[in-house]
Amino acid sequence: MATGRTHRPATRSRGIPEATVARLPLYLRALTALSERSVPTVSSEELAAAAGVNSAKLRKDFSYLGSYGTRGVGYDVEYLVYQISRELGLTQDWPVVIVGIGNLGAALANYGGFASRGFRVAALIDADPAMAGKPVAGMPVQHTDDLEKIIEDNGVSIGVIATPAGAAQQVSERLIAAGVTSILNFAPTVLSVPDGVDVRKVDLSIELQILAFHEQRKAGEEAAAAASDAGVGAGAGTGTGAAPAAAVEPPAGRAAAAARKGGPEGDVPAVMPA
């Protein structure tokens, strides 16, 4: 069976844009779901909706694969599954090592989606001597002292880092020196790697912070809308058509105004700039 060491995807040599490559797994997931339901064909509009993109972008992406579909019929689901799987390199075996078998690393080891998508967890590695030999997801954890030998013996080119932030850079350097050329990094830190090494970073805290930003913005918009509605109602009741500023300004707005004008004496800012 071919391994990740000897075969690499042809996406770069064929000039497929990185943005398109990033969307191919989305199309494959949607197509796989259709295939499991024995759906033979799908239109660009239906597939785009299932993948969360617009149909024009989908058709453009598929043009890089040489797949244009059939007018009035759509795309052949099974053929597209094969086409995209081949382009992503998923028609072959990709051995993967996971380094750092704490809570997150153990959860990744137990994830059943790797095998069904062309990835085989070849080894679980941890620096804690007490972890050595303990079974996780049916595999014994191995010590980091053996990292280089493990990578060589299994022909590994993809490494997953799930260590604490402080250990991640050193682990990445050892992986790269041993022959790993692609890293999926779950550690909350930015890795410095040489040219020719691809790193994909997954930071759950950053994603949550982005969601918090959107939640705060939505709350602000709702508060502004409520204040505006209250102002209109007050204006209608007094016959002036507008509410007094104190009646419509939300507490956050009054605090911001106080910060701009200064403290109680008007000479010292209430909130110093960061």
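Gly100 is buried, its relative accessible area being 7% (buried means under 20% relative accessible area, exposed over 50% and partly exposed in between, with a 1.4 Å probe and protein chains only). The model is predicted, so that local features need pLDDT of at least 70 and side-chain atom pairs count only at pLDDT 80 or more, whereas totals for chains, interfaces and linings use all residues. Residues are numbered from 1 along each chain as its sequence is written, and side-chain values use heavy atoms, with hydrogens and water left out.

Gly100 is located in the loop between β3 and α5 (103-109), where helices (H or I, at least four residues) and strands (E, at least two) are DSSP runs numbered from the N terminus. Apart from neighbours within four places in sequence, Gly100 is in contact with Gly105, Ile125, Asp126, Ala162 and Thr163, contact meaning heavy atoms within 4.5 Å. The C-alpha atoms of Gly100 and His143 are separated by 9.9 Å, although these residues are 43 residues apart along the chain.

An open sheet of mixed pairing is formed by seven strands in the order β5-β6-β4-β3-β7-β8-β9, two strands being paired if DSSP finds at least two bridges between them. Because β5 (135-136) and β9 (198-201) stand at the edges with a single partner strand each, one side of each is left without a neighbour in the sheet. Strands β7 (residues 158-161) and β8 (residues 182-185) run parallel and are joined by four bridges, with Asn185 in β8 as the bridge partner of Ile161.
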